[in-house]
Amino acid sequence: MDLLNTLVDKGLRRELPTREEALAVLATSDDELLDVVAAAGKVRRQWFGRRVKLNYLVNLKSGLCPEDCSYCSQRLGSKAEILKYTWLKPDDASKAAAAGVAGGAKRVCLVASGRGPTDKDVDRVSETISTIKEQNEGVEVCACLGLLSDGQADRLRAAGADAYNHNLNTSEATYGDICTTHDFSDRVSTVQQAQAAGMSACSGLIAGMGESDADLVDVVFALRELDPDSVPVNFLIPFEGTPLAKEWNLTPQRALRILAMVRFVCPDIEVRLAGGREVHLRSMQPLALHLVNSIFLGDYLTSEGQAGKDDLAMITDAGFEVEGTDTTTLPEHRRPCGDGAEAQATTVEDADAPAAPVPAPSDETRRDLVAVRRRGAGTDLPPNA
């Protein structure tokens, strides 16, 4: 297929596809799916080999968020029966992190619900970061605390935070449809503050919220322009008790096409398979490893993932290997000490591509696949790692 050959060539040269080419990936048929995965897999292996980076989430503060993000089980007015608790103590957070590290996680992601941290919260998280780093040699720490105020990114960096996560989630044009308490530009600003402070930027998206193909391409192109080091791709977990509980729009095939599109647009960026993979990819998760080079291990913020040992077995059985702490994730040209060379401008003319219709929700929704987290951080039960 000429389209895939073009996209592979561009990916190997770090060239940006056209919007039409990205849309064409989403419009491919199920009969072409393995060809799409194989093509994007060539780009993935060029920059990341067969390595898979493991990340582990620690939910420092769960529920009771004042923001109204429609997809979130922790949102204002959510009736989802999730765990709710206030800030974990540094030692408790470190113990939770240690479970992930013992399971093979290279990065620990510290997440707290809320619009953004107060200065006292930053002090609290800074102490937690220090405790985790003292007790877990070589671990990377990423903070995800919401919108940042002036100076907070610098303080987190000084405390030892290696990265900061703040997702764009969806296109700017449709952002107001899923959230009214802040806007798209607020999210962009926070990512830029993290970058300016010297932290590695992590910013991604959520697919499956009823968005169009154009929306998906828009948010991925916005991410490419923002140039984060890692892009988590989440698939909506339709929690009962949230406004998007009935949005079951994804099939495993569509989820794989979305991941392939992200890889072609972000060829040398860490693409992370994040929340919702078990719900929507199901038995096709191993195929996704040919597209992404990073996954979350075990459970998520408020939902349970598959057992950590099953994640490790999946990686091995698919012919991949867990990335060790002695390996740098990003290609040399993307590292702080690299040459900083930017991708060349695309020279291929736009191709005409039909837009794929968004699949209608199935009449038989698999609500049994959404399991609320009842173990790990904030509970007396051991974590899943």
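Predicted model: local features only at pLDDT ≥ 70, side-chain atom pairs only at ≥ 80, totals over all residues.

Trainee: How do you know that the radius of gyration agrees with a compact globule?

Mentor: The radius is taken over C-alpha atoms, and the globule rule is 2.2 Å times the number of residues to the power 0.38. For 385 residues a compact globule would be near 21 Å, and the chain has 19 Å, so the two agree. The C-alpha atoms fill a box of roughly 55 × 50 × 40 Å along the principal axes.

Trainee: How many helices and strands does the chain have?

Mentor: There are 13 helices and 10 strands, counted as DSSP runs (H or I, at least four residues, for helices; E, at least two, for strands) and numbered from the N terminus.

Trainee: Why is H1 called roughly parallel to H3?

Mentor: Helix H1 (residues 2–13) and helix H3 (residues 33–48) pack at an angle of about 10 degrees, with their axes 9 Å apart. Axes are lines fitted to C-alpha atoms over the stretch in contact, and angles run from 0 to 180 degrees between N-to-C directions. Angles under 35 degrees count as roughly parallel, so H1 is roughly parallel to H3.

Trainee: Which residues of H1 and H3 meet?

Mentor: With contact meaning heavy atoms within 4.5 Å, Leu-4 and Leu-7 are among those of H1, and Val-36 and Trp-47 are among those of H3.

Trainee: What makes a space a cavity?

Mentor: On a 1 Å grid over the protein atoms alone, a cavity is a set of points where a 1.4 Å probe fits but cannot get out; lining residues have an atom within 4 Å of a point. A search of the whole structure finds two cavities of 30 Å³ or more.

Trainee: Which residues lie nearest the centre of the largest cavity?

Mentor: Tyr-71, Cys-72, Gln-74, Asn-167 and Leu-301, out of 43 lining residues. The second largest cavity has about 100 Å³, and S1 gives the largest share of its lining, four residues.

Conventions. Residues numbered from 1 in each chain as written. Heavy atoms only, no water. 1 Å grid on protein atoms, 1.4 Å probe; cavity = no way out; pocket = protein on both sides within 12 Å on 5 of 7 lines; lining within 4 Å. Points joined across faces, edges and corners; volume = space filled by probe spheres on them. Parallel < 35°, antiparallel > 145°, perpendicular 65-115°, else oblique.
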